[in-house]
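This report describes the fold, the nonpolar cores and selected loop residues of the chain shown below.

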Amino acid sequence: MKPLFIVNPRSGGGRTAAQLEALLGVARSALGAIDVAHTERPRHAVEIARDAALEGRETIVAVGGDGSIHEVAN
């Protein structure tokens, strides 16, 4: 199963969104195909990460700030 990148495009004052394609390009070069999910509201990363884990995903990457990482880890 492909790694899942959970992205908060609003993190870093919007810098994450501005640099996202470059970041994902590097990730694809290193990992091959990946899936990407964007958060849309507070605590959305928790839901995405939980669903991904229940689907059997082995690799989930949080892309954002401290809050995004906290939500995905929990």
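## Terms and basis

A residue is called buried when its relative accessible area is under 20%, exposed when over 50%, and partly exposed in between, with a 1.4 Å probe and protein chains only. By this criterion Asn 8 is buried, because its relative accessible area is 18%.

The model is predicted: local features need pLDDT of at least 70, side-chain atom pairs count only at pLDDT 80 or more, and totals for chains, interfaces and linings use all residues. Residues are numbered from 1 along each chain as its sequence is written, and side-chain values use heavy atoms, with hydrogens and water left out.

## Overall architecture

The chain holds 3 helices and 3 strands, which follow one another from the N terminus as β-α-β-α-β-α. Helices (H or I, at least four residues) and strands (E, at least two) are DSSP runs numbered from the N terminus.

The radius of gyration, taken over C-alpha atoms, is compared with a globule rule of 2.2 Å times the number of residues to the power 0.38. For 74 residues a compact globule would have a value near 11 Å, and the chain, at 12 Å, agrees with this. The C-alpha trace spans about 30 × 30 × 15 Å along its principal axes. Buried residues account for 35% of the 74 residues. Contact here means heavy atoms within 4.5 Å. Of the contacts between residues at least 6 apart in sequence, 68% join residues at least 24 apart.

## The sheet and its helices

The 3 strands form an open sheet in the order S2-S1-S3, with parallel pairing. Strand S2 (35–38) and strand S3 (60–63) are the edge strands, each pairing on one side only. Neighbouring strands are turned against each other by 20 degrees on average, direction ignored. Axes are lines fitted to C-alpha atoms, for helices over the stretch in contact, and angles run from 0 to 180 degrees between N-to-C directions.

Two strands count as paired if DSSP finds at least two bridges between them. S1 is joined to S2 by 4 bridges, and S1 also pairs with S3 over 4 bridges, in the parallel sense. Ile 6 stands opposite Ala 37 in S2, while Leu 4 stands opposite Ile 60 in S3.

In a regular strand the side chains alternate between the two faces of the sheet. Both faces of S1 are covered, with Leu 4 and Ile 6 buried on one side and Phe 5 and Val 7 buried on the other. H1 lies across S1, S2 and S3 and runs at about 170 degrees to S1; H2 likewise lies across S1, S2 and S3, at about 170 degrees to S1.

## Nonpolar cores

A nonpolar core is a set of buried Ala, Val, Leu, Ile, Met, Phe, Trp, Tyr and Cys residues joined through side-chain atoms within 4.5 Å. The largest one has 8 residues: Leu 4, Ile 6, Ala 37, Ala 45, Ile 48, Ala 49, Ala 52 and Val 72. Strand S1 (4–7) and helix H2 (44–55) each give two or more residues to this core, and H2 gives the most, with 4 residues.

A second, separate core of 7 residues includes Val 7, Leu 20, Ile 34 and Val 63. Ala 52, a member of the largest core, is in contact with Leu 4, Arg 57 and Ile 60, leaving aside neighbours within four places in sequence.

## Residues in the loops

Asn 8 lies in the loop between S1 and helix H1 (15–31). A polar contact is a pair of N or O atoms within 3.5 Å; within protein, one must be able to donate a hydrogen and the other to accept it, and residues adjacent in sequence count only if both atoms are side-chain atoms. The side chain of Asn 8 reaches the backbone nitrogen of Arg 10 at 3.0 Å and makes a polar contact with the side chain of Ser 68 at 3.5 Å. Not counting residues up to four places away in sequence, Asn 8 touches Thr 16, Thr 39, Val 63 and Ser 68.

Ser 11 is found in the loop between S1 and H1 and counts as buried at 8% relative accessibility. Its side chain makes a polar contact with the side chain of Thr 16 at 2.5 Å. Beyond four places in sequence, Ser 11 touches Thr 16, Gly 64 and Gly 65. In the loop between H2 and S3 is Glu 58, which is exposed, with a relative accessible area of 80%. The C-alpha atoms of Glu 58 and Pro 3 are separated by 7.2 Å, although the two residues are 55 residues apart along the chain.
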